[in-house]
Amino acid sequence: MSRSLIIVESPAKAKTIQKYLGSGYQVLASKGHIRDLPRSGLQVDTAHDYAPHYEVLEDHKTVVTELRKAAKEAETIYLAPDPDREGEAIAWHIAHELRSLKKPMQRVEFHEITKKGVQAGLAAPRTVDEARFQAQQARRILDRLIGYELSPVLWKRLCRRVNGHYLSAGRVQSAALRLIVDREDDIKGFVQQEYWPVAATLLGGRRPAFTAALVEIDGVKVVTPTRDRAPRPTERVLGAQGDAESARDDLRAAAYKVAAVEKKERRRRAPPPYITSSLQRDASGRLGFSASRTMQVAQRLYEGIDVGAEGPVGLITYMRTDSTRLSADAVEAARAYISKRFGKASVPDRPNAFKTRASAQDAHEAIRPTSLDHCPEDIKKHLKPDEFKVYKLIWERFLACQMADAVYDQTTATVEARGRQRYVLRASGNVLKAPGWLEAQGVTAEVEVAGEEAVREEGRGAEDEAPRTLPELSVGEALSVTDPPGVTCEQKFTQPAARYNEGTLVKALEDLGIGRPSTYAEIVTKVLSRDYVEKRDRQLVPTKLGTAKTHGLRASFPDVVDYEFTARIEEELDKVEESRADWVKLVDRIYKPFKRLVDKEMKGKDPGEAWPRPEPSDRVCDKCGSPMQRRWGPNNDYYACTAYPTCKNIVDESPPRPTLVYEGRKCPKCGRALLIKARRGSDETFLSCSGWKRKDPDCDYTAPMPTGITCPKCGGDVVKIGTAKGRRPFWGCANYNVETVKCDFKVYQAPVKEPCPTCGSTFLVRAGGKTRPVLKCVKDRCDYQREVESEPDPEAPGLEASAD
């Protein structure tokens, strides 16, 4: 009996869909792209309308053979990769490979992998969208042309290889890298401004005492300086300690009374449902997940999870979307569920509706659960920990977006104080009266969630919602200073903008129009994997190489790193997809002027000013006596003899540490001594067999550096594991990959060799981050914890790095 063939991208999705359709269909997976441009060479004919040379990927040849075999026996072929540009390209390439069979082929889209979603997709077949495929093809070709042409420029002006791989420059990744480098340049160039805020703790006829901040002196407004706003001529900043202490001393003896009390109700609107970027941002901020990790988990939830007797079920709708639109059925189901679980008061009179960005493609619904029958807690046992966390985020946000506003009672008290001068102080308090959507979102009242900025009231920040209660006050009521703390003044400094993390970088890309929902995670991942950026406490910090590359490209190829230019290309690709622009003309308009700049740069002997240039030095070559030049290196600068090529002497500016022998043990492979070595460009050390050498090593054994802490499970060494770029490191037992032991001990906080005074554990861990660092015990049923001093950031403005 002939059956219809459905081709999807992943085996997991194929398994879920097969369950819904039964024996009349055969569902197979292409396992991603089956054809692409070969990795080596340009593979684009620039002389003939940028014709690409595609080939079946080497690791997909068996897949293509299986698809062709199944297609021969099928009556109809349905092409069902993901419903976006990449999915359309996969469908186009599958159709190209199967075209010789002359079987009817139709494109279908599944926006949710449920029985209803699959049936709806099969009920609306169409042809492959040529315009959408051309938009993807134009992006792919532009990325190849720019990357292929720019790489030799980087090799010439910087270096050819770093840490074992060749330097490269991506079109969109270069603009994203510029964001990170520009922010770092701003931080390094930031000039801190000193200020001294003054505050008084006051008590009236009723408790509790409250703190009021000084906002006016003799009719002149006192303001706090910020990096974004300079004080006006009519305003004053208490920037000197003497001025602040003078006001403080006067206020200590002043007479206080309540001048005004303002009470009003403030509402905090429900946030929109998740789109790709807001999901990535919340997963980054609340779960610590990278953008790629979030999307990998969301992909599994979309494709289908086995939830027991029901079998595989797609738990969420398609996760690459820029639309906040929800179906009417989903909204009604949410309102009914909210009424039943949280009460009728939590349901607004009308469904909440949200504006979608003008630049959004609006091809799919927002990200939401496919059914409210699958409560996260009910199916938790069927989900991996990451899957449960992301699904719970999506579930909570979907309910929250259709709930009533959170309502606060806000009180603002204005206090007048008279001493030698007339002072005005102000205090505000917020009391949460009705939690509304906060009850479902799972956040505290003072935390702002991703996407909330789209519905926030003008001029109100998340900090305004900090819960603080003021006592009942009346106008004219006398107040007294409560000491301690009494009247205080504290030295503070303005701070530069924070470095990007993955979540805030995605937000910046979205705001600038760079990238699309299907590419955000890929952009961030590539920026992190090319030695241009490193992660420090989740912050993205450009490396020496990333900074040099960005400064050079900005001077020689300004369009490549220009935000507006990169965003315009995205808009043009959208026009190609909508059949309003020709992809060949788009590529031609971008490539030809770019190619002229490349040719000019490659012909020029001396680098432009923005590229690293050799600098004269007072150093003399110890081999031939010639002067030496200071030259740029990706990790460390070095000195090179000017008599090159006659003399090839070079001296590293930061010579490597002397190699030390590790006395703890011998090499387990050959018995030689182990050496302590430092990773190039970093302070991290590792163990290496003394038999290793660059060419033809006698022994290639390496191991992480022991911390000196003994594993509590098996007695092995505790070492740092998983330090690859973009991955979160952890500390685990060195026997984690030893077949005879396979110890699974691990902690994600840095261990400290200090015994626990409560339970006797041999170590504690450092937790709490930079703001509230603590040492605590991680042993079961031990709650020992103590605060430790914060460690200053050695690179923060105004701080000197410590000597060690």
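**A friendly note on this predicted model**

1. Let's begin with one residue. With a relative accessibility of 23%, glutamine 43 counts as partly exposed. Please keep in mind throughout that this is a predicted model. You can find glutamine 43 in the loop between β3 (35–36) and β4 (44–45). Its backbone deserves a look too: glutamine 43 is not a glycine, yet its phi is positive, at about 60°. As background, most residues other than glycine have a negative phi.

2. Lysine 102 is another residue to look up. Here phi is near 55°, again a positive value in a residue other than glycine. Lysine 102 sits in the loop between α3 and β8 (105–107). Is lysine 102 buried or exposed? It counts as exposed, because its relative accessibility is 76% and the cut-off for exposed is over 50%.

3. Now step into helix α3 itself, which covers residues 85–98 and contains histidine 93. Histidine 93 has a relative accessibility of 2%, so it counts as buried. Which residues does histidine 93 touch, once its neighbours within four places in sequence are left aside? The contacts are Ile34, Arg35, Tyr54 and Phe133.

4. Next come the peptide bonds. Most peptide bonds are trans. In this model, however, arginine 207 and proline 208 are joined by a cis peptide bond, with omega at about 5°. Proline 208 belongs to the loop that runs between β12 (198–203) and β13 (210–217).

5. A cis peptide bond also joins tyrosine 644 to proline 645, and there omega is about 10°. Where is proline 645 found? It is in the loop between β28 (638–641) and β29 (650–652).

6. On to the cysteines. A disulfide is a covalent bond between the sulfur atoms of two cysteines. How many disulfides does the count come to? The count is zero, with the cut-off for a pair of cysteine sulfur atoms set at within 2.5 Å. Take cysteine 733: its closest cysteine sulfur is in cysteine 714, at 3.3 Å, which is too far for a bond. Cysteine 733 counts as buried, with 0% relative accessibility.

7. Cysteine 782 is in no disulfide either. For this residue the nearest cysteine sulfur belongs to cysteine 759 and is 3.7 Å away. Why does cysteine 782 count as buried? Its relative accessibility is 13%, and buried means under 20%.

8. Let's zoom out to the whole protein. It has 17 helices and 41 strands. Its radius of gyration is 31 Å, close to the 28 Å that the globule rule gives for 804 residues, so the protein is as compact as a globular protein of that length. Along the principal axes, the C-alpha trace spans about 95 × 85 × 60 Å.

9. What share of the 804 residues counts as buried? The share is 47%. The protein exposes about 40,800 Å², and carbon and sulfur atoms supply 48% of that area. As for contacts between residues at least 6 apart in sequence, 63% of them join residues at least 24 apart.

10. A last point concerns charge. The protein has 130 positive and 116 negative charges.

Methods. Residues are numbered from 1 along each chain as its sequence is written. This is a predicted model: local features need pLDDT of at least 70, side-chain atom pairs count only at pLDDT 80 or more; totals for chains, interfaces and linings use all residues. Side-chain values use heavy atoms; hydrogens and water are left out. Helices (H or I, at least four residues) and strands (E, at least two) are DSSP runs, numbered from the N terminus. The radius of gyration is taken over C-alpha atoms; the globule rule is 2.2 Å times the number of residues to the power 0.38. Buried means under 20% relative accessible area, exposed over 50%, partly exposed in between (1.4 Å probe, protein chains only). Contact means heavy atoms within 4.5 Å. Accessible areas come from the Shrake-Rupley method with a 1.4 Å probe; for residues, only the protein chains shown count as cover. Lys and Arg count as positive and Asp and Glu as negative; His and the chain ends are not counted. The place of a charge is taken as NZ of Lys, CZ of Arg, CG of Asp or CD of Glu.
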